[in-house]
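Reader: I'm new to this one, could you walk me through it?
Author: Gladly, here it is.

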Amino acid sequence: MAFLPNQNKNGNSGKRPLFGMYWMYILIAACLFGLYYVQDGGQTKSVDWSEFEEAAKAGDFTKIEVVSESGTAVGILNKTGQKRQGMNDDSYQGPDSEKRMKTIIPSSNKIQDKIDAWNEQLAAEGKPEITVKYERGSDFMKLFWAFGPILLFVFLMVYLSRRMSGGAGGNGIFNVGKSKARIFDKDNGTDVTFKDVAGLAEAKVEIKEIVEFLKNPQRYTELGAKIPRGALLVGPPGTGKTLLAKAVAGEAGVPFLSLSGSDFVEMFVGVGAARVRDLFKQAKDKAPCIVFIDEIDAVGRARGKNPNMGSNDERENTLNQMLTEMDGFGSNNGVIILAATNRADMLDKALMRPGRFDRQIYVDLPELSDRVEIFNVHLRNIKINSSLDVEQLARQTQGFSGADIANVCNEAALIAARNNKQAVDWSDFMAAIDRIVGGLEKRSRVITDDEKFAIATHEAGHATISWMTEYGNPLVKVTIVPRGRALGAAWYAPEARQIIPTQALLDTMCGMLAGRAAEELFLGHIGTGASDDLEKTTKLARAMVMMYGMSDKLPNINYNDSTGQDYGFSKPYSEETAKLIDEEVIRIINEQYERAKSILREYAAQHNEIRDLLVKKEVIYNEDVKAILGPRKWKSRTDEIIEINRKEEQNRKAVEAKPAAGNADDDNEPGTPPPFNK
């Protein structure tokens with residue numbers, strides 16, 4: 001049997017057999033071919049001894065083969081014998097087209113005397129003598145040809161049965177209802193721990209408490225508390241939900257069953273529900289344990305949204321079985337369910353209620369301090385320049401998820417290696433961020449001088465407006481080098497805001513319309529380069545009117561459905577309201593467009609200076625714009641947050657350093673809270 005090298009789950013080079021169904025087909029064909037030519041290679045006629053003796057005396061044989069073990073004799077017929085015996089059909093012309101007569105000899109010891117007598121008679125008649133050949137028959141070969149086809153058929157049926165049932169793997173048709181969960185335990189665990197999960201301080205506290213529930217349940221049950229049934233991790237893609245679950249598997253001293261929501265989905269009816277039952281059966285057998293279901297929205301979507309005309313909905317049956325298993329009549333003591341999704345609005349309400357998922361842990365995009373920790377984790381194995389400012393790097397990646405930051409670090413290392421550097425420096429990280437956000441530079445794209453001038457005018461308009469508006473995002477750099485689908489781009493460091501005021505949205509729209517406004521003012525015509533800006537502006541203006549209630553004519557109204565229950569083919573407003581919405585959207589956009597043109601007229605000289613510098617250098621940075629427009633009038637929100645955090649940290653250290661003082665509220669009784677103070 002041939003073998004090919006293969007990588008096993010531990011990364012070691014293993015061996016896997018190169019033996020499949022095609023080899024089985026070849027083997028069957030070879031056996032049938034051999035049976036055909038060995039047993040049916042010629043035509044054999046079985047006769048009794050007297051008829052065989054008459055044919056021999058008549059000279060019909062050229063040769064006689066005697067098999068002493070079986071007591072048989074086979075005579076090879078010549079042309080005359082074939083004609084006399086009626087076996088002269090020449091339709092078969094195979095490799096062995098001899099015609100034979102077979103008989104059982106009365107005595108193996110006297111057969112030679114008979115043949116000698118026949119030869120004497122034939123010699124007297126002038127006919128050719130018969131040659132004789134003795135063979136020892138094989139009982140094994142006789143048994144093989146007798147029972148070989150049956151054994152081969154039985155072997156084939158067993159082999160196909162094992163293939164259909166999945167053999168040792170359990171993934172075949174007979175095990176289709178078995179759970180596909182991967183099991184991690186003490187012997188087969190993961191090397192990911194909470195130390196590898198940077199940031200997410202609040203989420204880690206709740207996750208660690210779940211692990212503590214399983215390790216020391218008596219601490220909670222003694223006080224009458226019930227261990228939570230499940231926790232749902234909710235957040236944008238790439239924020240570390242699956243990584244948190246892996247850390248739980250690495251930290252917990254209990255079995256950990258991991259699978260995806262799509263593992264329950266199968267083309268066969270009833271398979272999903274069967275797999276849910278099998279999963280919880282495994283979990284109960286291994287309790288206490290943790291079950292992790294990634295992307296649970298694949299099976300846990302809200303029921304009844306898309307009825308299939310009364311047909312059987314396999315996904316709903318699977319969800320119903322999961323609801324029953326998580327909080328049914330049966331006991332699931334010691335089994336905690338973890339699930340992750342980035343589409344919580346799509347989940348069924350029955351799945352989200354307490355008793356099933358008691359806790360919903362929101363895993364948000366990392367803040368500045370979290371991004372610093374994430375960078376430090378991913379920079380462990382990267383050789384970086386000693387002068388690299390990680391905090392400044394975190395400021396440049398506002399809005400990046402943990403997966404994005406990991407990609408930035410890897411891309412920066414690839415760029416440094418491509419340029420034959422000994423360490424990864426600041427420029428490599430900036431190039432990596434540009435590569436991820438905007439795409440690869442396309443310096444080979446042919447751009448005329450007029451197009452270059454128009455692109456510079458457009459991008460200079462964005463830079464000027466963002467610098468001169470209060471809520472404009474801090475500018476990082478401006479480029480007119482084609483990158484991805486964009487001919488030019490202005491890069492910003494978005495401010496981290498919990499609540500966005502109306503003026504911030506208006507300033508954002510003004511900045512996005514600045515490129516089109518600059519084209520109209522300084523070129524005298526407009527082009528197609530602002531299509532992306534116009535799309536974003538229109539969406540933002542419509543959100544202000546229909547979601548945020550920021551319209552003068554339609555205040556305090558929200559037509560958005562955040563529950564995911566769509567309105568279908570009907571709209572939640574009349575045709576008159578739809579017309580009013582369109583009018584308000586157009587009004588807001590036109591006002592900000594005129595505002596952008598007004599600011600550009602005021603700072604036309606500075607805009608043109610930025611444009612000329614862009615045409616000359618192709619890429620300019622924050623310092624270049626600052627030298628032309630002067631310092632910004634408004635302090636960066638990020639700097640304000642950093643200053644607030646610094647003062648809070650100083651106050652906390654000061655409080656911890658003071659000695660414990662007595663109770664200042666002497667008028668209050670011991671153990672009573674102080675009076676409420678407005």
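Author: What follows covers the aromatic pairs and then a surface patch. This is a predicted model, in which local features need pLDDT of at least 70, side-chain atom pairs count only at pLDDT 80 or more, and totals for chains, interfaces and linings use all residues. Residues are numbered from 1 along each chain as its sequence is written, and side-chain values use heavy atoms, with hydrogens and water left out.

Reader: How many aromatic pairs are there by this rule?
Author: The count comes to six, where rings of Phe, Tyr and Trp (its six-membered ring) pair if their centres lie within 6.5 Å, and planes under 30 degrees apart count as stacked, over 60 as edge-to-face and the rest as tilted. In one of them, the rings of Trp49 and Trp118 have centres 5.9 Å apart and planes at 35°, so that pair is tilted.

Reader: Where do Trp49 and Trp118 lie in the chain?
Author: Trp49 is in helix H2 (residues 49–57) and Trp118 in helix H4 (residues 111–124), 69 residues apart; helices are DSSP runs of H or I, at least four residues, numbered from the N terminus.

Reader: Is Trp118 buried or exposed?
Author: Trp118 counts as buried because its relative accessibility is 3%, given that buried means under 20% relative accessible area, exposed over 50% and partly exposed in between (1.4 Å probe, protein chains only). Trp49, at 17%, counts as buried too.

Reader: And which residues form one aromatic cluster?
Author: Trp49, Phe52, Phe61 and Trp118 do.

Reader: Changing topic, which helix holds Met157?
Author: Met157 lies in helix H5 (residues 139–165), and it counts as partly exposed because its relative accessibility is 44%.

Technical notes
Helix = DSSP H or I, 4+ residues; strand = E, 2+ residues; numbered from the N terminus.
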